[in-house]
Amino acid sequence: MSATPRRRRTRLVLSQIALAALALVAIVAATAFLLLVGGYSVRDGLVALWSGSLGSWYAITSATLVRAVPLLCTGVAVAIAFRAGVFNIGAEGQLLVGAAAATAVSLATPLVAWSGGVTIILALAAAAVAGGLWAGVAAVLRARFGVLEVISTIMLNFVAVHFVSYLVRGPVQEPTHAYPQSATIAESLHLPRLPGAGRLHAGLLLAIAITAVSGWVVRRTAAGFRLMAVGENPDAAASAGQIDVGRTTTRAFLASGALAGLAGGIELLGVTFALYENLSPGYGFTAIAVALLAGLDPWRVLPTAVLFGALEAGAGAMQRDAGIPSTLVTVIEAALILAAVTVQALRLGRRPNPGRASIAAEP
Amino acid sequence: MTHVGAADAPLALDMRDVAKRYGGTQALIDASLSVRPGTVHALLGENGAGKTTLMRIAFGLERPDRGTMHVGGRVARFASAADAIERGVGMVHQHFSLVPVMTVAENIALGGRGRLDLAGIRAGLGSLAERRGFALDPDAVVATLSVAAQQRVELAKALMHDARLLVLDEPTAVLAPGESAELLRWLRAYADAGNAAVLITHKLHEALSVADDVTVLRRGRTVLAASRADASPRSLTAAMIGGDAEPSEGSREAGVDATMHDTGTRGEPVFRATMVTIADERGLVRVWNATTEVWRGEIVGVAAVDGNGQRELLRALAGRLDPVSGTLVRPKNVGFVPEDRHRDAVLLERSLAENVALRGAGARRGVLDWSAVLARTDRLLRALDVRAEGATVAMRTLSGGNQQRVVLARELAAEDGGTPTAVVAENPTRGLDVRATAVVHERLRSAAAEGAAVVVYSSDIDEVLLLADRVLVVYDGRVREVRAERDAVGRAMVGVE
């Protein structure tokens with residue numbers, strides 16, 4: 001091929017923008033089709049989808065971006081694990097135990113005037129540690145006994161769901177014992193709202209910072225390179241790179257769990273303020289789609305997390321305003337994942353392809 | 001020679017003017033091949049000449065864009081391998097297609113249809129053993145078999161379907177000399193019984209020793225079709241590489257600095273093993289009490305029949321495996337060229353630069369300087385004359401020979417870009433053509449000439465003798481030095497004093 005690397009890169013970026021535009025058109029078309037088939041008003045449905053997600057400043061901030069925050073953290077978590085060849089399907093469970101840990105710290109810490117900020121940090125740290133430990137169970141099972149992490153993390157999701165159910169009916173149930181949820185955390189422990197952005201909270205900044213740092217680690221550092229090498233070919237990583245494959249995958253697993261747990265902590269301190277069942281509408285599962293659609297690149301998780309945040313927000317609005325079941329949007333999301341995975345497979349199948357070969361191609 | 005196939009019998013395989021294009025690559029342009037019944041036919045050519053593609057067409061795995069094919073005198077248009085098998089064609093691929101956890105009989109049953117008839121297969125294997133001297137335990141699990149035995153399973157698969165035309169893709173590349181000779185003898189007998197065999201190979205002496213006829217492909221065209229009587233090593237080499245170039249045999253003395261070994265000033269050895277015992281990854285002891293030294297500037301050849309512990313010895317020297325007892329002194333950063341390139345040496349989907357960065361990645365800290373890596377990769381590519389579009393193309397886009405050049409370049413350069421102190425290479429020319437083999441040999445020699453300690457294992461005893469200043473033979477886990485002569489080494493390899 002005669003194109004210079006720069007021209008090739010420009011072409012690559014253009015083709016990705018075109019691809020994204022195509023995806024948006026396809027989403028709208030598919031939604032319209034499903035509305036039609038379901039016997040709903042196409043116009044009402046699309047209007048609700050739009051106004052609930054991107055149609056107003058309020059919708060963008062308080063609906064779409066609020067949902068994008070946990071998707072961003074868990075999306076990066078999944079991307080890091082998958083890159084290292086660790087198929088962590090357990091972000092949902094890790095998020096839940098993270099939220100539980102943050103709840104425990106928030107409710108247990110005695111409140112004094114100056115302690116709000118410190119307690120927030122403690123609660124978030126506890127959330128990350130809890131998520132890491134939860135993933136650590138699967139990591140140890142994999143390293144010691146060769147248990148497939150796909151299975152163990154799925155199972156641990158169920159354990160986490162029921163663990164939260166138990167907590168909110170037992171040890172941390174609110175004082176009146178009327179509702180299956182914890183007491184509400186003190187207002188001084190709420191993550192600060194971003195000025196002029198409705199319900200949007202400072203967790204967004206934290207999530208963006210995490211994404212930026214993760215992307216940098218993955219692309220630029222020796223540790224990030226090891227992740228890729230181990231995920232790509234563990235035998236060559238061990239032999240040619242003299243990389244400790246077991247240690248690398250275990251670390252990726254723990255880091256992934258910690259980020260997912262942190263997502264739970266942020267969600268609790270920024271949005272729900274109390275622990276209850278169904279605290280997460282499946283963010284940890286949607287995260288897999290978010291990460292795959294981003295090609296497991298943390299920086300590209302940012303747009304895909306916002307896209308899925310918008311879809312989730314729009315789906316809620318459709319149900320609320322137009323009486324259309326939100327599961328319709330779930331169908332769209334699933335179709336999107338299938339499309340993304342197919343495109344990826346086609347690209348891989350069309351070898352040789354120098355264009356997508358590397359991260360080193362982007363100096 | 002008394003062949004069963006009479007002159008007027010139809011050809012076992014007759015392919016004419018075959019063309020095949022993959023995307024932008026014209027794999028075959030004008031390839032023809034005529035295989036007489038009762039003969040072994042050698043198909044020669046460099047890497048990428050189209051040998052395997054042509055045979056994949058004969059076996060129904062690919063469809064030609066153009067050209068005709070007759071099998072046993074009848075037109076053949078195979079839509080799949082099943083059609084080819086139906087017509088009595090069998091193929092043994094370079095990479096075996098066996099399920100390791102299943103038994104021999106189960107693997108053979110995989111190709112069948114309808115009801116699973118393991119008893120029938122056992123009986124079939126029994127009669128195969130009787131008729132063709134084929135010893136195979138039907139209930140042995142394939143993973144526990146040696147490479148040679150696994151190859152016999154592949155052969156048995158073809159023979160159980162009554163193959164009268166066998167295609168073997170580089171069958172001796174994975175075998176020890178004794179095993180190769182046995183396979184070639186077997187092929188001879190198979191052909192003498194009225195069948196035909198096509199032997200894809202790089203090895204001239206093999207082609208000339210066993211084949212009745214020879215066809216040479218170059219860049220997708222048949223450039224030579226002759227009987228053995230009319231072929232010489234010189235004419236075949238010329239046909240294969242298209243010029244008057246000779247194989248590298250003459251360059252034996254080129255890079256070897258003989259004085260290095262005799263002067264008293266050579267200092268400390270680079271490798272020193274004292275009573276070293278090495279176990280494999282599963283904990284089985286493979287090498288017992290090895291004591292040896294490797295000095296600066298010398299090439300030590302390792303000869304062994306596969307599975308005698310040479311694999312573990314090489315990995316211990318290269319720092320990829322720690323001995324269970326004894327003292328092993330080795331440099332910190334040993335270059336290592338493993339036998340299975342795709343599995344152990346490269347990231348196929350990743351760029352050449354990333355593959356270069358892979359060396360030493362385990363010990364690296366902090367931030368990677370990609371622009372330095374890119375510059376270093378460009379230098380390596382230029383120095384080794386690798387035909388690649390640049391440092392950012394994926395490893396997969398390179399031919400096997402060029403991939404090996406990149407691996408070699410990476411392992412032969414020290415971290416700082418200077419001369420390496422030590423290199424361990426395991427079958428470094430496996431699957432490479434004449435020209436690429438010559439480059440690998442030249443690089444290893446010049447590394448030694450620049451002062452590196454080089455250890456080379458090859459399953460080809462002649463290659464060991466060609467390269468090595470000294471020869472170590474590993475037999476049954478015992479390592480000892482043997483005079484660098486063919487007879488002595490050959491006998492030591494099979495444990496004969």
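Trainee: Which are the buried residues of helix 1 of chain B?

Mentor: They are B:Lys51, B:Thr52, B:Thr53, B:Leu54, B:Met55, B:Arg56, B:Ile57 and B:Ala58. A residue is buried if 20 or more other C-beta atoms, placed from the backbone, lie within 10 Å of its own; exposed means 12 or fewer, and partly exposed is in between. Helices (H or I, at least four residues) and strands (E, at least two) are DSSP runs numbered from the N terminus. This is a predicted model, in which local features need pLDDT of at least 70 and side-chain atom pairs count only at pLDDT 80 or more, while totals for chains, interfaces and linings use all residues. Residues are numbered from 1 along each chain as its sequence is written, and chains are lettered from A and ligands numbered from 1 in the order in which they are written.

Trainee: How many residues of helix 1 are buried, then?

Mentor: Eight of its eight residues, spanning 51–58, so the helix is mostly covered by the cut-off of 20 or more neighbours. Just after helix 1 of chain B, B:Gly60 has a positive phi of about 80°.

Trainee: Turning to B:Leu314, why does it count as buried?

Mentor: B:Leu314 counts as buried because it has 26 C-beta neighbours inside 10 Å. The residue lies in helix 9 (residues 310–317) of chain B.

Trainee: Which residues is B:Leu314 in contact with, leaving aside its neighbours within four places in sequence?

Mentor: B:Val302, B:Val424, B:Glu426, B:Val455 and B:Tyr457. Contact requires that the two C-beta atoms, placed from the backbone, lie within 7 Å.

Trainee: Now the strands: in what sense do strand 11 and strand 12 of chain B pair?

Mentor: Strand 11 (residues 271–279) and strand 12 (residues 285–294) are antiparallel over six bridges; pairing needs at least two DSSP bridges. B:Ala279 has B:Val285 of strand 12 as its bridge partner. Five residues lie between the strands of this hairpin, where B:Gly283 takes a positive phi near 90°.

Trainee: Which residue stands opposite B:Ala273 in strand 14?

Mentor: B:Leu328. Strand 11 and strand 14 (residues 325–329) of chain B run antiparallel and are joined by four bridges.

Trainee: How many residues does the contact take from chain B and from chain A?

Mentor: There are 35 from chain B and 27 from chain A. Helix 10 (341–344), helix 11 (352–358) and helix 12 (370–384) of chain B each supply at least two residues of the side that touches chain A. That side has 17 nonpolar, seven polar and 11 charged residues. Here Ala, Val, Leu, Ile, Met, Phe, Trp, Tyr, Cys and Pro count as nonpolar, Asp, Glu, Lys and Arg as charged, and the others, Gly among them, as polar.
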